[in-house]
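The following exercises are to be worked through with the structure at hand. Each task is followed by a solution in steps.

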Amino acid sequence: MSSNPLANQLLDENKSFMEKPSFRWKVSVVALIAIFCLGLYALFLQITEGHLITGMRDHVVWGVYIVNFVFILGLSYAGALIAGIFHLGRVKWAIPMQRILKLITVFSLIIGPFYILLCLGRPDRIFDLFLYPRIQSPIIWDVIAIVTDLIFCIVYMYFTYIKDFALLRDNSERLNMSNWRKKFYRIFALGYKNTPKQEKLLNQALDILAAIIIPTTIIAYSLLAWLFGMNLKVGWHSSIFAPFFVLSAVYSGVALVILIMWIYRKSGKLENTFTDSHFTHLGFALMVLSLFYGYFYFSDYITDWYNMQKTYGSLWEKYLDLSQYGIAFYSSIFLITFLPAIVIGIPWFRSVKSIVFTSGAVLVGLWVARYLMIVPVLETPYLPIQDVRPDWVNYSATWIEWSLSLAGIALFILFFIFISKLAPIIPVSEMKEEQEEVKLDLSLKTDQA
Amino acid sequence: MAQTTNTEDSPKEVNSRRDFLRKGSAFGLIAAATGAAGLASNQDPKKSGEKIKVLTTDGKVIEVDKPVDDCEIEPCAPAKGEAARQGIPGRSFVMVIDLAKCKNARKCVEACQEGHDLLPDQEFMKVHLMKDNPDAEPYWFPKNCFHCDNPPCVKVCPVGATFKRTDNVVLVDNDACIGCKFCVSACPYSARIFNWEDKKSYSDDDPNYSPETSVPGQHGTVSKCDFCVGRSREGKLPYCATSCPMGAIYFGDKNEDAVTNGEETLRFKQLIKDRIGYRYLEELGTKPNVYYLPPTDRMFPYERGFNYLSEEQVEVMKNSIKSK
């Protein structure tokens, strides 16, 4: 019935999503749910006992939650931005990872905002944000941006599923599907029959959505940057923040895609889909982004460092002092700006494994960099903090915050685990013959893991 | 300039304020020396039959009706809900703190905490030890909310829970605050505090709650100095001003060009002009309404302020002014 034999072939190759869950799968799901439940318990404690059981205090009013919020939304916007650019640029080698990008976008866009809700002292009044919004407030800018982005990204993700759902519906008899699957695919394929007219309409819709999503995500993440930039705080009040945020978002997004692609390649026998060249391509992107990031980082710090205004001086001292933030500061700079250049730039180090390792290191480094961008700044107001209570002077997150952070990661992985059971993780209907003709002249150290 | 000295502070049951607020009236022995006449002309007080003599701005002594009750501004009770957002008409509240007089007795902090029912660690008024440069002598710096004319905290509030009024005062409506703490981080003066702990006296639905008194506070919301506008309605000075043993804190009205510490009343403009009054971090453009008189010719050596602090606190203070 389908006019695309390659799609059928790929579907047969990637049937694993229909297989009965393995023991390992069940164990990991249970473990992740347990982590998530621990987070729920922490949330329950935070709501009943108040915010005092977190590390947040009058000066560092947000802490790890806002770091997670910024970091996760960055991943989301990056996924949408990269997917949109690849789509409009008709980048053929990138087609297999398109779905992963869109899933990153939607899942992190669902999880991220919860972290800012965790900062609210009165979560019961959350709906006031929609009932009595004040447009002057950067928080309202974020509310509008996130809601807009979420709508567009969910629609975009769903539209890219339609062809695959139709394909699965048409193959339901051949693949011996259970009844709920047949029903699900029939409903959500929206009667798509792959007629030329339907295909044209769908492709047009995807083009328009991609064109909308690119500027939307750039605006949305800039608005998030202004949540900090608009404050009269030394260390935040900087015009570089919005482009810097967008850049670091793309950077973290690329790193996460590499990581997820590798996990799928390992677990789903996808060596032919996520080839070595995918990793080298993205690895080089990672390296270029790391150099850009280093450039932004440097220009952000050097302008303040050169003049060393009084309050900035105390902030800078905290960054350099090994007993305070020194270790985190130096190691995050190394992980973000030097490691990719060394590992990916020098051919001797370059391999799929090393690229994947670097991506993980970059993600950690970027999270730490966000932490350093937020917490020490909050600890350094204009007026000296003259408080005898150490936890009021220096922030340190409690197990409540850490377990809720882990719960977010667990939920993110759970989303991926469940969606992988719904349809192939690669957009099988989009894969065309040309995909196999990708010619790469980037050398790769042979590493057939 | 209008001046009256109303030494009576009758504890009449004019409103339904809470007990601990009433306790505060002990501090208000000397009622605001500003503006009975100004008000008498603005408002239309009920006739009491009694006449009082007041001095007009052009130097004439006139007789006006004494207001019926001892409240200065109608309505006497602290405004609630929407009314609390309006501001007292014709007023432009301002505070002047004379740093030369401050010896860190911390009476302002304590009176404010008692009046606003704060926890021992919650301070609307803080006293910092400051040292402007390595060679300068340190000095004590009482700091409350500056009630800025360009308030960074009000700009960032997502739900309009904090607002700027026509009488210069910036208040927080605890009934509307969602506790996002954005205002806390936006304030360059660290003037705002969050109600971290759940106290028995916190209440979400106390009918007596008014943003003008900040009492009772609510768990999970933001609080700060309210310039004691609730007390201004009764003709009383803020808790900090009445409790300062040195009379370092002057409170008044820019429109009337008068500030008072309860003992002496001074012309605001002349005072700022003569003593080169300044506003802290003027360059941020926040336009505060709290002015400081420079700590020149200090009345005490700053070390005397350590007597009022624990050893631990002294250590923290000394460390924070250590020149690097």
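Two residues are in contact if their C-beta atoms, placed from the backbone, lie within 7 Å. The model treated here is a predicted one.

**Exercise 1. Determine which residues of α8(A) and α9(A) meet, and describe how the two helices pack.**

Solution. 
Step 1. On the side of α8(A), the residues are A:I218, A:Y221, A:S222, A:L224, A:A225, A:W226, A:F228 and A:G229; on the side of α9(A), they are A:F241, A:A242, A:F245, A:V246 and A:A249.
Step 2. Sorted by kind, the residues of this contact give 11 nonpolar, two polar and no charged.
Step 3. Two packed helices are described by the angle between their axes and the distance between the axes. For helix α8 (residues 196-229) of chain A and helix α9 (residues 241-268) of chain A, the angle is about 125 degrees and the axes are 8 Å apart.
Step 4. The crossing of α8(A) and α9(A) is right-handed.

**Exercise 2. Describe the packing of α6(A) and α7(A), and state the hand of their crossing.**

Solution. 
Step 1. Helix α6 (residues 138-170) of chain A packs on helix α7 (residues 179-188) of chain A at an angle of about 135 degrees, and their axes are 8 Å apart.
Step 2. This angle makes α6(A) oblique to α7(A).
Step 3. The crossing of α6(A) and α7(A) is left-handed.
Step 4. In α6(A), A:F165, A:L168 and A:R169 take part; in α7(A), their counterparts are A:Y185, A:R186 and A:F188.
Step 5. This contact of α6(A) with α7(A) comprises four nonpolar, no polar and two charged residues.

**Exercise 3. In which order do the five strands of the open sheet in chain B lie?**

Solution. 
Step 1. The order is β12-β11-β10-β3-β13 (chain B), with mixed pairing.
Step 2. β12 (265-267) and β13 (290-293) of chain B are the edge strands, as each pairs on one side only.
Step 3. On average, neighbouring strands of the sheet are turned by 25 degrees against each other, direction ignored.
Step 4. Strand β3 (residues 93-98) of chain B and strand β10 (residues 249-253) of chain B run antiparallel and are joined by five bridges. B:V96 has B:Y250 as its bridge partner in β10(B).
Step 5. Helix α8 (residues 268-275) of chain B packs on this sheet and touches β3, β10, β11 (258-260), β12 and β13 of chain B. The direction of this helix makes about 75 degrees with that of β12(B).

**Exercise 4. Judge where the predicted coordinates call for caution.**

Solution. 
Step 1. Chain A has a mean pLDDT of 88, and 95% of its residues reach 70 or more; over residues 435-441 of chain A the pLDDT is below 50.
Step 2. Chain B has a mean pLDDT of 82, and 81% of its residues reach 70 or more. Over residues 1-45 of chain B, pLDDT stays under 50.
Step 3. Where pLDDT is low, the predicted coordinates should not be read in detail.
Step 4. For the model, ipTM is 0.86 and pTM is 0.86.

Key. Residues are numbered from 1 along each chain as its sequence is written. Chains are lettered from A and ligands numbered from 1 in the order in which they are written. This is a predicted model: local features need pLDDT of at least 70, side-chain atom pairs count only at pLDDT 80 or more; totals for chains, interfaces and linings use all residues. pLDDT is the predictor's confidence in each residue, from 0 to 100. Axes are lines fitted to C-alpha atoms, for helices over the stretch in contact, and angles run from 0 to 180 degrees between N-to-C directions. Helices (H or I, at least four residues) and strands (E, at least two) are DSSP runs, numbered from the N terminus. A crossing is left-handed if the near helix is turned anticlockwise from the far one by less than a right angle, and right-handed if clockwise. Ala, Val, Leu, Ile, Met, Phe, Trp, Tyr, Cys and Pro count as nonpolar, Asp, Glu, Lys and Arg as charged, and the others, Gly among them, as polar. Two strands pair if DSSP finds at least two bridges between them. Angles under 35 degrees count as roughly parallel, over 145 as roughly antiparallel, 65 to 115 as roughly perpendicular and the rest as oblique.
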